[in-house]
Amino acid sequence: MNPMRIFCIGQNYAAHVREMGAPLAAEEEPPVVFMKPSTSLVPAGQDVPWPRHGQELHFETELVVGIGQSGRPTTAEEAVAFIDGFTLGFDLTLRDLQRQLKAAGHPWERAKAFDHSALCGDLVRVPLQRFQFTGRIADTVRQTGDTDDMIFSIPRLLVELGRVWQLQPGDLIFTGTPAGVGPLSPGDTLTAESPTLGRFVWRMES
Ligand code: ZN
């Protein structure tokens, strides 16, 4: 059995790239990719333990793509057949630690790939389409996402990943976060919601 992999895309919405103070990548550059271990997954409905090795825990609401077949798509048309379904999730990030690691030129794993850092809803088997979604913290909508605003479209992400990794059934792809990321507090509820995909809720432990 192939262990499931979690790919994450960074800097895929221009407004979020600007809020992070990063320059926009040139058109021909590949996307920013990092990974989380499958053991970082937290299914919807569960409480999320608070990490102990950083201070500023940020939410990033993201559309997640599930892969259903093995191989390397080479065109956007081919890539569509690799999709098993979609869901919503949160890429939890220790932002203070990420800033330190970026400044030192070090890998991001300690800030991004810790236990319980990948909140992921159930896969919904709907066709590829334009998805609009929100990320709500407690009672306030903090992020509004629209896949039409992605720098790398979903089919293009699959082609770009396929250049490096053979896609496998069970792979998950967190496709990047729109603008509006911010810090969580103990006891916060996190709600990711879309008219097509439904609503997924987590709660930070106090
Ligand atoms: Zn992210």
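Gln98 is buried in the predicted model, at 4% relative accessibility (buried means under 20% relative accessible area, exposed over 50% and partly exposed in between, with a 1.4 Å probe and protein chains only). The residue lies in helix H3, which spans residues 95-104; helices (H or I, at least four residues) and strands (E, at least two) are DSSP runs numbered from the N terminus. The side chain of Gln98 makes a polar contact of 2.9 Å with the side chain of Arg95, where a polar contact is a pair of N or O atoms within 3.5 Å, one able to donate a hydrogen and the other to accept it within protein, and residues adjacent in sequence count only if both atoms are side-chain atoms. With residues up to four places away in sequence not counted, Gln98 touches Met20, Thr93, Trp108, Ala111 and Lys112 (heavy atoms within 4.5 Å).

The zinc ion has as protein donors Glu60 (OE), Glu62 (OE) and Asp91 (OD), at 2.0 to 2.1 Å. Donors are N, O and S atoms within 2.8 Å of the metal (3.2 Å for Na, K and Ca); water is not among the atoms, so sites may look incomplete. The sequence spacing of the donor residues is E-x1-E-x28-D. Glu60 is buried at 4% relative accessibility, and Glu62 is buried at 0%.

Strand E5 (residues 57-59) pairs with E13 over 2 bridges, and His58 has Pro183 in E13 as its bridge partner.

Residues are numbered from 1 along each chain as its sequence is written, and side-chain values use heavy atoms, with hydrogens and water left out. In this predicted model, local features need pLDDT of at least 70 and side-chain atom pairs count only at pLDDT 80 or more, whereas totals for chains, interfaces and linings use all residues.

Definitions and conventions: Pairing = 2+ DSSP bridges.
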